[in-house]
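Welcome! Here is a short briefing to read alongside the sequence and the 3D view.

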Amino acid sequence: MELNDSRVIAAPRSKVWAALLSAEVLKECVPGCQEMTGSIEDGFEATVVQKVGPVKATFKGSVTLSDLVELESVKLSGEGKGGAAGFAKGAADVTLSDAPEGTLLTYKVDARVGGKLAQLGGRVIDGVARKMADQFFENFQNAVEPQDAPEPETSEEGEAGEEKKGWIKRVLGG
């Protein structure tokens, strides 16, 4: 199954690139991700819990990065094994380019499943895969784009709440 889409992210290309290569950012963006460790050079190890139709499984797998063209493109390839539920594997070609509003992120995902998951049927799998890809890139966009600072909430006594620096801002130096 193939998925293609693009998003404009209101952030400089360098910030989007750094986030794409960060295990911490990716962990927060992958739906159901419980753990992600590793590095760009060695790849990432991940544990993801997903429910696909009636099948709920914990996938343990790896993601490798290849074809890196700094600030322009990267290929993310991964494979996860979910025990009796089966396996999932795939690759995403991600490209970045300048857009008037920030950075245009374009992706092409090719995914395959096997085992009990494959028995659910293509429409169920395609729907879940589309939803997961959309959720990942929505989470990624929210993680990278600068958030409008909300007005500090005030308590009944009129004290302003203290602003905390979020983990993404700490990672990306924002």
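**Strand pairing**

Arg7 stands opposite Leu105 in strand β7. This is a predicted model, where local features need pLDDT of at least 70 and side-chain atom pairs count only at pLDDT 80 or more, while totals for chains, interfaces and linings use all residues. Residues are numbered from 1 along each chain as its sequence is written, and side-chain values use heavy atoms, leaving out hydrogens and water.

- Strand β1 (residues 2–9) and strand β7 (residues 102–114) run antiparallel, joined by eight bridges.
- Strands here are DSSP runs of E with at least two residues, helices are runs of H or I with at least four, and both are numbered from the N terminus; two strands pair if DSSP finds at least two bridges between them.
- β7 also pairs with strand β6 (residues 87–99), again antiparallel, over 13 bridges.
- In that pairing, Leu96 stands opposite Leu105 in β7.
- A hairpin of two residues links β6 to β7.

**A look at Ser73**

- Ser73 lies in strand β5 (residues 73–81).
- Is Ser73 buried or exposed? Ser73 counts as buried because its relative accessibility is 19%, and buried means under 20% relative accessible area, exposed over 50%, partly exposed in between (1.4 Å probe, protein chains only).
- Leaving aside residues up to four places away in sequence, Ser73 touches Trp17, Asp67, Leu68, Val94 and Thr95 (contact means heavy atoms within 4.5 Å).

**Confidence**

- The protein chain has a mean pLDDT (the predictor's confidence in each residue, from 0 to 100) of 81, and 82% of its residues reach 70 or more.
- Over residues 149–164 the pLDDT is below 50.
- Where pLDDT is low, the predicted coordinates should not be read in detail.
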